[in-house]
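Subject: Structure handover

Hello,

Here is the structure we spoke about, with notes on what turned up in it. The sequence and the coordinates come first.

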Amino acid sequence: MSSRPLLMIPGPIEISPAVQAAFSVAPPGHLSAAVIEAFGRSIELMRELWQAAPSSQPFVVAGSGTLAMDMAVQNVVEPGERVVVVDTGYFSARMAEMLRRRGADVAVVAAPPGDAPALADVEAQMPCKALFSTHVDTSTGVRVDAHALAALARRHGALSVFDGVCAAAAERFEMAAWDVDVYLTASQKAIGLPPGLALCVASERALAARDALRTPPMLSVDFHAWRPVMQAYEARKPSYFATPATNLILALAVALAEHDIAERVEAHQRTGEAMRAAWRALGLSLLPVRPELCANTMSAVCYPAGLDSALIGRIKARGVIVAGGLYPGLQATYFRVGHMGYATTRSEMIERTVQAIEDALIDAGHACDRGAGVAALR
Ligand SMILES: *Cc1c(COP(=O)(O)O)cnc(C)c1O
């Protein structure tokens, strides 16, 4: 094994050797046969992993998760429309800001950090044009009940949009069965690629919402600009609107084909549960206030009494990179460990991570039994 530190943050993440190999080639042209095939295949595979209807439209655009969020906002909402945002942290707040900039009338339903708003509180804000939620908010490690929120939106005739950047292809999500309208992510999270692709799937209803807008979206994120390109690639034909990230497209087709959605959800659930057992054994508490709120893709772990963010440096010195806190005002009280994608299929990566954290804790003076973390993990 190399001595390169393990990247165990909530994205970018460790990627498989096969994905890295697919990416690491001289840049192909966007009209090359290899890119056309990989693009078309990726669109088909996205519908499978999203468990989306055949009538849904996947979009693959060069950019970040933030761009995918703007794409969703700009295509389903226009100035003056009322929307509701379920606020579970930093990324929900970003979505609310994007909606305000689009000119929407935004109602935010917030919860204390580590919690999620009660469904009744969300329902009290209905009706609205669209309900926006963060499936897993990466600042708190809180996963909302996406199925219940999607059902609530539908009952009130609202569109539902989920930021799945820290959840898609890892947490249970059935876009068609739950009748969700937009589910979006980015390449560097659980999908398992380097950063650089914004990915989203829009339902027929979301596409119709775009058709009905009087104020069109910014051209670079417009469904109308991109849909013909996606349709052409799916039909294995060349097309152009703006240059795709061709190396990433080659890698995307490989990454999406590595496991089916049932295997991915199972691997993340197993890993998430094992991580939580390890945190308990080490005497650590989590930011999410109830077990059912804990994401399987990452952990937001509180520093034990007397310790602070210097712990992150001690963990890094042991060869593992974890992330600091992100929730405004609470950054100094917890750290974040990503456990998504390739690492969930490599038990040695997960063990190395827990071992490094345990050693760093003991070194920093935290009282816990040596070996307890890895033993609990197993
Ligand atoms: C990482 C993340 C984003 C932002 O993605 P970028 O690629 O950094 O723009 C948005 N939402 C959630 C839930 C995330 O985890």
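Which residues are closest to the ligand? They are T66, T138, D163, Q188 and K189, out of 13 residues that surround the ligand.

Some ground rules before the rest. This is a predicted model, in which local features need pLDDT of at least 70 and side-chain atom pairs count only at pLDDT 80 or more, while totals for chains, interfaces and linings use all residues. Residues are numbered from 1 along each chain as its sequence is written, and side-chain values use heavy atoms, with hydrogens and water left out.

**Ligand site**

The shell divides into 5 nonpolar, 6 polar and 2 charged residues. In this count Ala, Val, Leu, Ile, Met, Phe, Trp, Tyr, Cys and Pro are nonpolar, Asp, Glu, Lys and Arg are charged, and the others, Gly among them, are polar. Helix α3 (residues 65-76) supplies the largest share of the shell, 3 residues. Helices (H or I, at least four residues) and strands (E, at least two) are DSSP runs, numbered from the N terminus.

Polar contacts here are pairs of N or O atoms within 3.5 Å; within protein, one atom must be able to donate a hydrogen and the other to accept it, and residues adjacent in sequence count only if both atoms are side-chain atoms. A polar side-chain atom of T138 is 2.2 Å from an oxygen atom of the ligand. For Q188, a polar side-chain atom lies 2.7 Å from a ligand oxygen. G65 uses a polar backbone atom, 2.8 Å from an oxygen atom of the ligand. Taken alone, the ligand exposes 380 Å², and the protein buries 88% of that. Accessible areas come from the Shrake-Rupley method with a 1.4 Å probe; for residues, only the protein chains shown count as cover.

G65 itself is in helix α3. With a relative accessible area of 7%, G65 is buried (buried means under 20%, exposed over 50%, partly exposed in between, with a 1.4 Å probe and protein chains only). Not counting residues up to four places away in sequence, G65 touches V165, L184, T185 and A186, where contact means heavy atoms within 4.5 Å. G65 and L184 are 119 residues apart in sequence, yet their C-alpha atoms are 7.7 Å apart in space.

Helix α2 (residues 33-50) has 18 residues and spans 26 Å from its first C-alpha to its last, close to the 26 Å expected. The expected span is 1.5 Å times one less than the number of residues. The buried residues of α2 include V35, I36, F39, I43, L49 and W50. Their cover includes β2 (57-62), β9 (182-186), β10 (197-202), α8 (223-234), α9 (246-257) and α10 (261-281).

Helix α8 has 12 residues and reaches 16 Å, close to the 16 Å expected. Buried in α8 are F223, A225, W226, V229, M230, A232 and Y233. These pack against α2, β2, α3, β10 and α7 (204-211). At the N-terminal end, D222 caps α8, with a side-chain oxygen 2.9 Å from the backbone nitrogen of H224.

After α2 comes Q51, with phi near 50°, although Q51 is not a glycine. Q51 is in the loop between α2 and β2 and, at 32% relative accessibility, counts as partly exposed. Just after α8, R236 takes a positive phi of about 60°; R236 is not a glycine either. R236 lies in the loop between α8 and α9 and is partly exposed at 29% relative accessibility.

**Other loop features**

A cis peptide bond joins G11 and P12, with omega about -5°; P12 is in the loop between β1 (6-7) and α1 (17-23). The peptide bond from M126 to P127 is also cis, with omega near 0°, and P127 lies in the loop between α5 (119-123) and β5 (130-134).

H366 is in the loop between α12 (347-363) and α13 (372-377). Is H366 buried or exposed? H366 counts as buried, at 15% relative accessibility. Leaving aside neighbours within four places in sequence, H366 is in contact with L282, G283, L284, P304, L307 and L361.

Regards

Technical notes
A residue is near a molecule or strand if one of its heavy atoms lies within 4 Å of it.
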